[in-house]
Amino acid sequence: MPRTKSKVVRPSLAKAPTGIQGLDEVTGGGLPKGRVTLVSGSAGCGKSLLAMEFLVHGAVRYGEPGVCMDFEETEQKLAANVASLGFNLRELTNSKKLLVDYVSVERHEIAETGEYNLEGLFIRLGHAVKAIKAKRVVLDSIEALFSGLRDETILRSELRRLFQWLEEHKLTAVVTGEAGEHTLTRHGLEEYIADCVIALDHRVTEQISTRRLRIVKYRGTSHGTDEYPFLIDREGISVVPITSLTLAHKASSDRVSTGIPALDEMMEGKGFFRGSSVLVSGTAGTGKSSLAANFTDAACARGEHCLYFAFEESPSQILRNMRSVGINLEPWVQKGLLHFHAMRPTSIGLEGHLAAIHKMIDKLRPSVVVIDPITNLVSPAGTYDVKSMLMRLVDFLKVEQITSMFTNLTFAGDPQARTAAAVSSLMDTWIVLRDSRPGGRSRRELYVLKSRGMAHSREPRELIVSDRGIELGGVLTDYSSAPSAVCPSTVVASE
Amino acid sequence: MPKYSCGVRVTILVHVAQRLSIDMKKSSAKKRAPAKTSRSDFYQLRLYIAGHTPNSVAAITNLKKICEDKLHGKYRIEVVDLLEKPQLAKGDQIIAIPTLVRRLPPPVRKIIGNLSKTESVIVGLDLQPAR
């Protein structure tokens, strides 16, 4: 996006938007216009898809017709790929928005008998570009030429000439290349591309795959050098930008109800700050989800949109369970105010979840988000990953002024407490729930451990969950009788 | 006569082509009837060039010489200039220039380069030794 804040006129680079969610943000508006961009990556990492999306979106949304020279797939296969993104290749071709030229390079049918050049390729490309007045070009994957033609000296000088030709004709081009062992591409295409290089990666750790995108180089543009997680789904690629690395989000002084009057009372009688992040941690069966449901219910009652990510139970199970404690969320679902998004935590990697969450939030623009629980979400990953992912998520939510609630299951003396410790610093409010049995009677206890920016109550209360909903009892005077298992700070210290 | 942008060199080339009995695309008159041979050992060759570069001229000359030596009277050469007919590049999957395509006898074979390596041309086109 162009920066409008500063009035200093900078010779900014013209950009060609890719239309890929997140990628245009990460690159400050898209790929360099009239230049060649290299997209490298191993097989199956999504580079062809990225290139194709760039072309299709260019043609459909930005009025820039595109030519695809495909060295790997025939028009039919390509049409199927494009169709999977929800576009009709034939329609685009017929309306002269897109032109596909399948270039077959097979070594066994070509004998070399002296000097030659690749003028044939230039002529074909030039002819195609002229035919539809193309502004964008994809060469996927031009490295196929290396397997077809033996004379690498000729090939390399011709490639250089080809990239020059593309720039002379002011075409915005994407060239794909297979990742090499120690180089970005197997045949060192990066040597020829001066302006923009994007590397895609596909890693599998503990049987869960994660896709990442990195901008290796982008001349004339400040860009993040981080690896950005991305997701491939039915709508194509979406990249998760890391927002607000500067911690510049606005802090709202608006308040939103927790959904439990007595809990609001503990927080200056007003509840959470809008756009703040809330962690609810507790041992099993202490009522974390019930608390989340109350919060959700209150948000929907205010007419706000709420997005509920369920990683443990199916939506219908949540609805049923919540009915048993006197909260009926069903009408909100029917009204379209409450959306459930249920997923198994292990179904995709952590980054994948992050990407999916981003995407859902972008689509539904909720003002309240519940993630129930983060425990399962983070279980397959290491603590560091969890923290960095949650940091991104929390930052993103804050920038969007979305009030968020995360539930977290803890076990006394379990390493999970470490997760809580790692995560808690990101949270504005931390509510601790626990079970205790003073005098043989089982009871639930609630305690606001911290809540930034407000004079909250520090006294533990009894949490009463019944079919009439959640209520808080009076201040517990015998709470201090068993503090060691309760106070999370001691759990952290005991590590 | 085809329209060419640059005069002198082209005229020379056309002259060469005529002398070599090459059937330039578009030129109407100069089609020489092939000698009477059985269909299977008749060679139909198509040479793709792009303008009149040294490699194109060399390829035409080399090809003619090889054909005369090896296939006397049993061949026909068609030269396609892709600068004039760029749409023809796709059909034969042309990337490199010059490219020679053996259209007959089947199977279709393709060789690239200026045809200066005679042995490679003979192997590439799978030419029968002259009888």
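User: What share of the contacts in chain B between residues at least 6 apart in sequence join residues at least 24 apart, and how do you know that two residues are in contact?

Analyst: The share is 69% in chain B. Two residues are in contact if their C-beta atoms, placed from the backbone, lie within 7 Å. In chain A, 71% of the contacts between residues at least 6 apart join residues at least 24 apart. This is a predicted model: local features need pLDDT of at least 70, side-chain atom pairs count only at pLDDT 80 or more, and totals for chains, interfaces and linings use all residues. Residues are numbered from 1 along each chain as its sequence is written, while chains are lettered from A and ligands numbered from 1 in the order in which they are written.

User: What makes a residue count as buried, and what percentage of each chain does?

Analyst: A buried residue has 20 or more other C-beta atoms within 10 Å of its own; 12 or fewer make it exposed, and in between it is partly exposed, with C-beta atoms placed from the backbone. By that test, 47% of the 495 residues of chain A are buried. For the 131 residues of chain B, the value is 34%.

User: How many helices and strands does chain B have, and what makes a run count as one?

Analyst: Chain B has four helices and five strands. Both are DSSP runs, numbered from the N terminus: helices (H or I) need at least four residues, strands (E) at least two. Their order from the N terminus is α-β-β-α-β-α-β-β-α.

User: Why are S6 (residues 110-112) of chain A and S5(B) called paired?

Analyst: Two strands pair if DSSP finds at least two bridges between them. S6(A) and S5(B) share three bridges, in the parallel sense, so they are paired. Ala111(A) stands opposite Ile111(B) there.

User: Which residues make up the side of chain B that touches chain A, and what makes them nonpolar, polar or charged?

Analyst: 28 residues of chain B are in contact with 21 residues of chain A. Helix H3 (88-91), strand S5 (109-112) and helix H4 (118-125) of chain B each supply at least two of the chain B residues. That side has 15 nonpolar, nine polar and four charged residues. Nonpolar means Ala, Val, Leu, Ile, Met, Phe, Trp, Tyr, Cys and Pro; charged means Asp, Glu, Lys and Arg; the others, Gly among them, are polar.

User: What makes S17 and S23 edge strands in the nine-stranded sheet of chain A?

Analyst: The order is S17-S16-S18-S19-S15-S20-S21-S22-S23, an open sheet with mixed pairing. Strands S17 (338-342) and S23 (469-475) of chain A each pair on one side only.
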